[in-house]
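This report goes through a few parts of one protein chain, with the sequence and the structure shown below.

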Amino acid sequence: MRKILAASLTFCFFACSFAAWGAAFDDGVKLFGQRNYKAAALKFEQAVKVSPRDSNAFYYRALTYQCLGDRAKASTYYQQILQKFPDSTAAQYARQALTPPERASRASKSSGSREFQSSYGADPEQSKVYFTRQGRSLVIDAELNNRRIPVIFDTGAEACVFGINHLQQLGVSPPSGPATGEASGVGSSEPVKTWQMNVDLKVGQIKRSNFPITVQAELPTSPLLGQTFFSGFEYTIDDSINTIVLARKGGARPSSGQDGYAVPFSNEGKEVVVSVDVNGKKCDMYFDTGADGITFTREQARAVGLSIPDDAEEGTSMGIGGTTSSITFPVRRMRMGPIEKSDIPVSIIEHGKMPKPLLGQTFYGGWQYTIDNQSKVIKFVRR
């Protein structure tokens, strides 16, 4: 077996836009992710000249000027998107950006939509957040007790999980006393001791007050934003413009203007479980946006007939339990709904307790998808 160095915590900003792979656009996206908006604006100005039919380049240009505080220029550029690309996803977001908050609020009330009340307070009809990449995981900005911290948007985590190391970085006092719970996952054969504490947690326009999070002694990854935070919402993830739109259940949802492929799912607790064809055998897997790749335990691999080839690569995998050795090799065929991959790499971990294998970003990254909790389907759109 060949040994490789794992790069689980490499940071990069990735924009999957088939029409805008030019250097100017790529550089602009990287600068935008670094919040260097002034330099990013110059790159996006170049990008729209190189790709005058690319709605994403136009959208990023407008958004960058909005972030710079130049409302007049941002408004002009948003109007251009509506004129040039009226049916695009970029146009939907441009309309949102051009709608004054007070008018949007009046429109919501006049339409008869009720205010959604949760145990944590009132949620907005819709909230849009932008993501960067940590490896292949989706990283968004959150605020814990008014202190900013990046978190991983993780559909494979039932709870929101932080390490004491993260709390210390933020200057927040960690919980004291004996542990009150346990958690299992990639990285350890034994459960990890956990505590629970209540905090104020905010993502986009959604704020949870006195909200319970799970805390463990050391979490080697970024904190995990799990199902307990966004369970009241449907969510659409769009790689082409690096956004996650959370829409209140029963409220307005963003539309791609295209027919989607619907993949049914079930819930195991709060986990999303999908059926995947692995070399012709059915396998139930967790749909896990917080996982970079596809991960099995040895027992799970044997159950679907996967055998480890002699030229498999040795490396490491990281999860809530820490770091464990892993073996990676390509699987001939995997399919779920409209997505079919050939010779796709999967990892077999040595240590970790997972009731089901993890289906991560390497399988469906590049697709736009909406997790519809009411209909129990994941709607995919080819980008």
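## A polar contact at S137

The side chains of S137 and D292 make a polar contact, at 2.9 Å. The model is a predicted one, so these distances come from computed coordinates. A polar atom of the S137 side chain also lies 3.1 Å from the backbone oxygen of G290. S137 itself belongs to strand β7.

Is S137 buried or exposed? With a relative accessible area of 2%, S137 is buried, because anything under 20% is counted that way. Beyond its neighbours within four places in sequence, S137 is in contact with T132, I152, T289, G290, A291 and D292.

## The six-stranded sheet

Six strands form an open sheet in the order β5-β15-β14-β25-β26-β16, and the pairing is antiparallel. Strands β5 (126-130) and β16 (261-264) stand at the edges. Each of these two has a single partner strand, so one side of each is left without a neighbour in the sheet. From one strand to the next, the twist averages 15°.

How many bridges join β5 to β15? There are 5, and the two strands run antiparallel, with β15 covering residues 243-248. Within this pair, Q126 stands opposite A247 of β15. Strands of a sheet pair through backbone hydrogen bonds, in either a parallel or an antiparallel manner.

## Helix α3

Helix α3 takes in residues 55-67, 13 residues in total. The distance from its first C-alpha to its last is 18 Å, close to the 18 Å expected at 1.5 Å a residue. Most of α3 is covered, with 11 of the 13 residues buried. The buried residues are S55, N56, A57, F58, Y59, Y60, R61, A62, L63, T64 and Y65.

Just after α3 comes G69, which takes a positive phi of about 90°.

## L82 in helix α4

L82 is found in helix α4, which spans residues 71-84.

Which residues does L82 touch, leaving aside its neighbours within four places in sequence? L82 is in contact with A91, A94, R95 and L98. A separate distance relates L82 to S55: their C-alpha atoms are separated by 9.7 Å, and the two residues are 27 apart along the chain. S55 is also one of the buried residues of helix α3.

## Two asparagines with positive phi

Most residues other than glycine have a negative phi. For N146, phi is near 70°. N146 sits in the loop between β7 (137-144) and β8 (147-153), and N146 is exposed, with a relative accessible area of 65%.

The other asparagine is N210, whose phi is positive at about 50°. N210 lies in a strand, β12, made up of residues 206-216. Its relative accessibility is 52%, so N210 counts as exposed.

Methods. Residues are numbered from 1 along each chain as its sequence is written. This is a predicted model: local features need pLDDT of at least 70, side-chain atom pairs count only at pLDDT 80 or more; totals for chains, interfaces and linings use all residues. Side-chain values use heavy atoms; hydrogens and water are left out. Helices (H or I, at least four residues) and strands (E, at least two) are DSSP runs, numbered from the N terminus. Contact means heavy atoms within 4.5 Å. Buried means under 20% relative accessible area, exposed over 50%, partly exposed in between (1.4 Å probe, protein chains only). A polar contact is a pair of N or O atoms within 3.5 Å; within protein, one must be able to donate a hydrogen and the other to accept it, and residues adjacent in sequence count only if both atoms are side-chain atoms. Two strands pair if DSSP finds at least two bridges between them. Axes are lines fitted to C-alpha atoms, for helices over the stretch in contact, and angles run from 0 to 180 degrees between N-to-C directions. The expected span of a helix is 1.5 Å times one less than its number of residues.
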